[in-house]
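Got a two-chain model on the screen and wondering where to start? Let's go through it question by question.

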Amino acid sequence: MQELINRAKELLADGTVARVLGWKAGDLPYNPEPAYFETAEALEDFVYNGFCGANLSKYMIEASKMEGKTMVCLKPCDTYSFMQLIKEHRVDREKAYIAGVGCKGKLDIEKIRARGIRGIESIEGAELTDDAETLKIQTIYGEKSLAYADGMLERCHVCKGKEHVIFDEQIGESKETKDAERFGEVERIESLSPEEKFSYFQSELGKCIRCNACRNVCPACSCRKCVFDSNKFDSSQKANVDSFEEKMFHIIRAFHVAGRCTDCGECSRVCPQGIPLHLFNRKFIKDIDELYGEYQAGADIDSKAPLTDYTFEDAEPSIVGKRG
Amino acid sequence: MYKIAKENLSALFRLIAETYGLYLPVKKAGQTNFAAWSEDAEVDLMTLKTVKSAKDAFFPQSESLYTVKKEGKKMSVEPEALKEQNFVVFGMKACDVRGLEVLDKVFLSEPVDTFYAARRDHGTVVALACHEPEETCFCKVFGVDAANPASDVACFPAGEELYWEALTEKGEALTEAVKSLLAETDEADGVSVEAEKDAIHRMIEKLPYMNLSLEGWNGDVLSEKFDSPLWEELYKPCLACGTCTFVCPTCQCYDIKDYTAGNSVSRYRCWDSCMYSDFTMMAHGNNRTSQMQRFRQRFMHKLVYYPANNDGMYSCTGCGRCVEKCPSALNIVKVIKAFQNQGGEK
């Protein structure tokens, strides 16, 4: 972390960048917030640890409109989102100085809470430099411990790898954290009967409170005005009624980002109700892989996206009937 | 005071449900929220904080107000019936009970919100003392006692027993209705309850937000706070989602919209969020235009405007749900602290 801070100070001092986009220490051991730093003094609050899960790519849409360059700290998986945003002309590459920061998997406080760990005072082992495999958590109810991997976000268990697909410089080591199959859960759901699938999604989406956190955090959801924010049509789009969001909001959103979603997992990270929203996107990714050949959104600048490209070999609409 | 063995709670819920509607924390797909009781519901009294507060029981996130139907050339208006059945909300916590006090001041003052009033009239609140408060809790800062909820019935879990104390007439009535399952208590029981309350109070003192100071937050500092340059800094990580407002026990803003279904139009209201771009976008089209303004509104409302209009009562109960759930790790505590630090530097 110190290396990152020193580099940020240098880049600010020599005028390469006008600001640094990173994370500011929170007031609890696990709640750093995305923040801009404009001075060396402000960087005293800079933090980078296991709880810096937030993907800062989307903030670069706004930062691209600011004066001067922004040094943005991107983890390997975040760089896919940034690349995709370049491809969609939503961020300005010239306005970004990308610090590809190392990552050893990011933590999910909800996973820690789910172990019944409450009253947290301090957490040891969440630093990037820490080689510890275990989190030592001091609580007002005594000391608890948890394997680092058990506290990780779902997305880190299916990590895309240690490579930054775009960067100006890399700072810090990364660690492979993949220990599960990316499409494992999708395959499990595919194997269910239609009734079981429906009931699964009904029970998950039935928890939705229409807070829009999934949409607002999503780097692929970058429309200036979302159709769901329109007050021009008389639907129930603003209410959390079963008839609407369970079947429509999330599905429409998944269709809209299909082929552009890099599977960054932010939607599931931020959902206050713990809905595994990434499964919709991942199902689409799996289908795209099967129908059009393997494709990873955000992996490069030049490739044509399967859903916006046409070839004679493309699957015909009737494929839906054939695949069931 | 009475008591009931924790293992008999299912019987208690069944008995309550014979004469009352019953809402309580139910775990569904991994998350605990207030929901209607049923025989096969997975009742979860171990989770300290439900994701959403119990606000829905009195002010549901979405509700129909009336429906206009067209048949041939005739139009008819069918108002939604007001709540008529008595119901019990079991398992609220002291912070959420305070939340109802905050809502009461809004919805029960003139013009009275009849939908809310009907639910308040028919609702009986059974609240639990907070067995193990969490680091995100700061109710004490707002004068809420987590060990002594100000509800119709206050319950104290201690050991294998749940102690039951009716505090209001409604509470007495409910106690009568379930008396067959309640046992008398003796002196030793009183000691157990006091020990549990002491333990809660001791733990609360250890929580990180206990010393949060509300100094400088009141109805008299409107311009000073409103014009502060700090907001420009504070709002920046905000994603403009509605999570904080929807998990909050006191956020009370709503929108009224129409749902058109062919030959009928249903007028419904649903929670709105001051974080949303179309919030208060009425015919005049002159709502808050920037996210900084929207962000500022939420905290100004809770810590300045509301106390200005309600004898100094804050519209925050310190439940800490926003602390837990904000995707960007922003919250009211960080806002209060930011202003405090700024004050120190001056």
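What follows is a set of questions and answers about this predicted model.

Q: Which element gives the largest share of the side of domain 1 of chain A that touches domain 2 of chain A?
A: On this contact, 21 residues of domain 1 of chain A meet 16 residues of domain 2 of chain A. Two helices of chain A, α3 (76-87) and α5 (154-157), each supply at least two residues of the domain 1 side. By class, that side has eight nonpolar, five polar and eight charged residues. The largest share of it, nine residues, comes from α3(A).

Q: Which residue of β7(A) stands opposite K136(A)?
A: Strand β6 of chain A covers residues 134-139 and is joined to β7(A) by six bridges, with the two running antiparallel. Look across to β7(A) from K136(A), and the residue opposite is S145(A).

Q: Which element of chain B gives the most to the side that touches chain A?
A: The contact between the chains takes 42 residues from chain B and 37 residues from chain A. On the chain B side, α5 (187-206), α8 (243-247), β11 (254-261), β12 (264-271) and α11 (332-345) each supply at least two residues. That side divides into 19 nonpolar, nine polar and 14 charged residues. With five residues, the element that gives the most is β11(B).

Q: How many Å lie between the domain centres of chain B?
A: Chain B is divided into domain 1, residues 2-206, and domain 2, residues 219-345. Going by C-alpha centres, domain 1 of chain B and domain 2 of chain B lie apart by 25 Å.

Q: Which element gives the most to the side of domain 1 of chain B that touches domain 2 of chain B?
A: Here 31 residues of domain 1 of chain B are in contact with 28 residues of domain 2 of chain B. The elements giving two or more residues to the domain 1 side are β4 and α2 of chain B. Sorted by class, that side holds 15 nonpolar, seven polar and nine charged residues. The one that gives the most, with nine residues, is β4(B).

Q: Which residue takes a positive phi in the hairpin of β4(B) and β5(B)?
A: The two strands pair in the antiparallel sense over six bridges, and V68(B) stands opposite V77(B) in β5(B). Between the strands of the hairpin there are two residues, and the one with a positive phi near 60 degrees is G72(B).

Q: How many of the six residues of β5(B) are buried?
A: Strand β5 of chain B spans residues 74-79. The strand lies largely in the open, because its count of buried residues is zero.

Q: Within what arc do the buried residues of α3(B) fall?
A: Helix α3 of chain B covers residues 114-122, and its buried residues are F115(B), Y116(B) and R119(B). Seen down the helix axis, they line one face of α3(B), because they fall within an arc of 95 degrees.

Q: Which elements do the buried residues of α3(B) pack against?
A: The partners belong to chain B, like the helix itself. They are β4 (62-71), α2 (94-107) and β7 (123-128).

Q: Is V126(B) buried or exposed?
A: V126(B) lies in strand β7 of chain B. Leaving out residues up to four places away in sequence, V126(B) touches V88(B), V89(B), F90(B), S151(B), D152(B), V153(B) and C155(B). The cut-off for burial is 20 or more other C-beta atoms within 10 Å. V126(B) has 26 such neighbours inside 10 Å, so it counts as buried.

Definitions and conventions
Residues numbered from 1 in each chain as written. Chains lettered and ligands numbered in written order. Predicted model: local features only at pLDDT ≥ 70, side-chain atom pairs only at ≥ 80, totals over all residues. Buried ≥ 20, exposed ≤ 12 C-beta atoms within 10 Å, placed from the backbone. Helix = DSSP H or I, 4+ residues; strand = E, 2+ residues; numbered from the N terminus. Arc of directions from axis to C-beta. Contact = placed C-beta atoms within 7 Å. Pairing = 2+ DSSP bridges. Nonpolar A, V, L, I, M, F, W, Y, C, P; charged D, E, K, R; others polar. Domains from an automatic or database assignment.
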